[in-house]
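Hello,

Here is the structure I promised to pass on. Please open it first; my notes follow below.

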Amino acid sequence: MHPEQPRLTSTATATATAASVPAQTRGQKRRWIPDGPLNLSLTLGPLRRGPADPAFRVTPDGAIWRASRTPSGPGTIRIAGASGGTVEAEAWGPGGDWLLDGLPALLGADDDPTAFTARHRVVHEANRRNPGLRLTRTRLVLESLIPAILEQKVTSDEAYRAWRLLLRRHGEPAPGPLADRMYVAPDPRTWALIPSWEWHRAGVDNKRASTAIRAVRHARRLEEATALPPADALARLQLIPGIGPWTAAETLQRATGDPDAVTVGDLHLPNIVGYALTGAHRSTDAEMLDLLTPYAGQRHRAARLILLGGRMPPRRAPRMAPGNIAAL
């Protein structure tokens, strides 16, 4: 945490536009002033699982909406920038207060970009062009773990479709004014009771479905990972059969904001990092980790910046073809 803490204040529910909002749709509000540049889209973007994610929505006014299942229950939060760098948030549902209390962490208050030193020209330029990048911390493991499991060994489109279908069919309408368009993910018991044919209909093979079910049966222990040291948190998640380094890192990047949780085992990331830093068209995980050694403790941030830099290796093979498990 930074020595000078950002300010978090509460406000009354009444606003200049409150008269046009039905009373039952008004939520609790907070304002927060970050201690430095903050780009909401860059910071919260990794939490979005595809353009039609039922738990994440960007409205025409630029506000970002998230629906989450918190320890206090379902909740929806709307986050928007205001004048003077202030962030305004409004939340609904039993989990609304929990979401508002976690607003600073969600927007990177626990992250320290000043601890990062760029060691390569590409990384330096990406860091300069994206001063508002902060690493989010949702404090919710299962919320990021299930979609990460769905993304194992399939195309992004397949995983996004599965997440969308499962939430709409087995989740519940999100509290607040977008209840007809947003959904909160199922609770652990509901995830565990989804029948095999529903996973199949969503395009999820038995291996991924079984991993998800094993994970939710240990949900309480997995959620404890948010309070563990990074290495222990990674180890805790990987105790579940089917959860390896890739899935654990993708989860903790979002749930704990771990700046060093580099994704190992990804189909594309080693090639992107290798090409950006050396010009090599093909790189292995070991070569990627070697290149990221100067960023020890900040390897995830370095990889994010490399991706934002947009220096991609030329494509030499056809895209991974999406499967259609539901048709089998």
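Which residue in strand 4 is the bridge partner of F56? The partner is R66. More on those strands in a moment.

First, the ground rules. This is a predicted model, in which local features need pLDDT of at least 70, side-chain atom pairs count only at pLDDT 80 or more, and totals for chains, interfaces and linings use all residues. Residues are numbered from 1 along each chain as its sequence is written, and side-chain values use heavy atoms, with hydrogens and water left out.

Confidence

The chain has an average pLDDT (the predictor's confidence in each residue, from 0 to 100) of 91. At least 70 is reached by 88% of the residues. Residues 1-24 have a pLDDT below 50. That stretch still has 38 contacts (heavy atoms within 4.5 Å) in the model beyond near neighbours in sequence. Where pLDDT is low, predicted coordinates should not be read in detail.

Strands

Helices (H or I, at least four residues) and strands (E, at least two) are DSSP runs, numbered from the N terminus. Strands pair if DSSP finds at least two bridges between them. Strand 3 (residues 56-58) and strand 4 (residues 64-70) run antiparallel, joined by three bridges. They form a hairpin with five residues between them. In its turn, G62 has a positive phi of about 90°.

Strand 4 also pairs with strand 5 (residues 73-81), again antiparallel. Seven bridges link strand 4 and strand 5. Here A67 stands opposite T76.

Helices

Helix 12 (residues 245-255) has ten of its eleven residues buried, so it is largely enclosed by the rest of the structure. W246, E250 and R254 are among the buried ones. The buried residues pack against helix 5 (141-150), helix 11 (230-237) and helix 15. After helix 12 comes G257, with a positive phi near 65°.

Helix 15 (residues 299-309) also packs with helix 13 (residues 269-278). Their angle is about 75°, and the axes (lines fitted to C-alpha atoms over the stretch in contact) are 10 Å apart. Helix 13 and helix 15 are therefore roughly perpendicular (65 to 115 degrees). Helix 13 contributes L269, I272, V273, A276 and L277 to the contact, and helix 15 contributes A303, I306 and L307. By class, the contact has eight nonpolar, no polar and no charged residues.

Best wishes

Terms used: Axes are lines fitted to C-alpha atoms, for helices over the stretch in contact, and angles run from 0 to 180 degrees between N-to-C directions. Angles under 35 degrees count as roughly parallel, over 145 as roughly antiparallel, 65 to 115 as roughly perpendicular and the rest as oblique. Ala, Val, Leu, Ile, Met, Phe, Trp, Tyr, Cys and Pro count as nonpolar, Asp, Glu, Lys and Arg as charged, and the others, Gly among them, as polar. Buried means under 20% relative accessible area, exposed over 50%, partly exposed in between (1.4 Å probe, protein chains only).
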